[in-house]
Amino acid sequence: MKTRITLFALLLFCSGFSQTKQDQRVWFAYIGQYKVSEKWGYQIEAQFRMDNELEQNLQNLYRIGAIYYLSPKSNLIGGYALIKTFNVSLDEFFSENRLWEQYQYNKKWAADKNMMTHRIRLEQRWVEQLSGMAGVSSATNFQNRLRYLNRNLFHLTHLKSEKEEVYAVMQNELFLNLGDNKVNSKFFDQNRFFVGLGLNYNNNIRLELGYMNHFITSSSGSDVMNHTVSVSLLQNLDLQKH
């Protein structure tokens with residue numbers, strides 16, 4: 001009986017994804033966090049999301065935020081983001097203005113060699129809807145969205161010194177739509193699963209390369225699964241005057 005149930009669930013899973021559009025992407029990201037006092041800092045971020053041949057820029061994201069450090073392990077961040085997304089059918093970019101608030105908690109384990117991060121983010125999104133006429137928008141739709149990220153770093157080896165570390169990354173982020181909205185009427189919005197490798201230098205600079213399985217639901221068309229190569233540069237700098 002258990003075998004039959006498992007096979008039935010697997011058939012439903014495969015049937016659902018057989019109706020999903022498959023595509024390839026390449027993402028580049030820079031994320032910097034800068035601590036300017038014992039309790040305060042700021043974050044800047046830029047992401048460029050391309051097609052698999054690096055010919056078409058499909059989405060640009062710029063994010064800024066103020067950081068309040070609750071403890072060495074946790075912080076609160078709030079800020080603003082501007083997103084430009086390319087509409088393929090209209091051959092034009094549309095804009096999204098976004099406010100965001102998040103709580104993040106980091107936990108080291110295995111003699112402080114590995115780290116798990118929990119991040120909860122709430123977003124208020126104002127998404128432009130294009131009318132079909134060049135440079136003209138017909139409406140701006142509002143959406144509340146909740147995101148949860150679980151991120152894990154696993155120490156693999158040191159290189160030339162203790163300050164140079166190679167590690168593995170495994171993370172998953174779930175997106176849920178809250179309340180009524182016209183952006184995506186489905187409760188489950190999208191999911192991003194990522195595995196890769198990273199190079200950590202002096203706990204200040206990280207370079208990560210890996211594969212992201214990005215599944216996106218749609219209330220007006222086919223769901224999409226993007227197979228994405230992700231390249232990220234992360235900085236965590238202490239700018240305090242000691």
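Is Glu-173 buried or exposed, and what is its relative accessible area? I looked it up: Glu-173 is buried, at 5%. My cut-offs are under 20% relative accessible area for buried, over 50% for exposed, and partly exposed in between (1.4 Å probe, protein chains only).

**Ground rules**

I'm working on a predicted model, where local features need pLDDT of at least 70, side-chain atom pairs count only at pLDDT 80 or more, and totals for chains, interfaces and linings use all residues. I number residues from 1 along each chain as its sequence is written, and my side-chain values use heavy atoms, with hydrogens and water left out.

**Overall look**

Helices (H or I, at least four residues) and strands (E, at least two) are DSSP runs, numbered from the N terminus. Reading from the N terminus, I wrote down α-β-β-β-β-β-β-β-β-β-β-β.

Next came size. The C-alpha atoms fill a box of roughly 55 × 55 × 35 Å along the principal axes. For 242 residues, a compact globule would have a radius of gyration near 18 Å, and the chain's 20 Å agrees with that. That radius is taken over C-alpha atoms, and the globule rule is 2.2 Å times the number of residues to the power 0.38.

I noted that 41% of the 242 residues count as buried. I also checked contacts (heavy atoms within 4.5 Å). Among those with a separation of 6 or more, 51% come from residues 24 or more positions apart. The chain exposes about 14,100 Å², and carbon and sulfur atoms supply 61% of it. Accessible areas come from the Shrake-Rupley method with a 1.4 Å probe; for residues, only the protein chains shown count as cover.

**Salt bridges**

I needed a side-chain nitrogen of Lys or Arg within 4 Å of a carboxyl oxygen of Asp or Glu. That rule gave me twelve salt bridges.

Back to Glu-173: its side chain meets that of Arg-147 in a salt bridge, 2.8 Å from N to O. This pair links distant parts of the chain, with Glu-173 in strand 8 (residues 164-178) and Arg-147 in strand 7 (residues 137-158), 26 residues apart. Arg-147 counts as buried too, at 5% relative accessibility.

Then I looked at Glu-45 and Arg-63, whose side chains form a salt bridge at 2.8 Å, N to O. Glu-45 lies in strand 2 and Arg-63 in strand 3, so the pair ties together parts 18 residues apart in sequence. Glu-45 is buried at 7%, and Arg-63 is buried at 4%.

**Rings**

Rings of Phe, Tyr and Trp (its six-membered ring) pair if their centres lie within 6.5 Å; planes under 30 degrees apart are stacked, over 60 edge-to-face, and the rest tilted. I counted seven aromatic pairs by this rule. One of them is Phe-48 with Tyr-62: the centres are 6.1 Å apart and the planes at 80°, so I filed the pair as edge-to-face. Phe-48 sits in strand 2 (residues 40-51) and Tyr-62 in strand 3 (residues 57-69), 14 residues apart. Phe-48 is partly exposed at 33%, and Tyr-62 is partly exposed at 36%.

Last, charges over rings: NZ of Lys or CZ of Arg has to be within 6 Å of the ring centre and within 35 degrees of the ring normal. The charged end of Arg-49 sits over the ring of Trp-27, 4.0 Å from its centre. The charged end of Arg-206 sits over the ring of Tyr-167, 5.0 Å from its centre.
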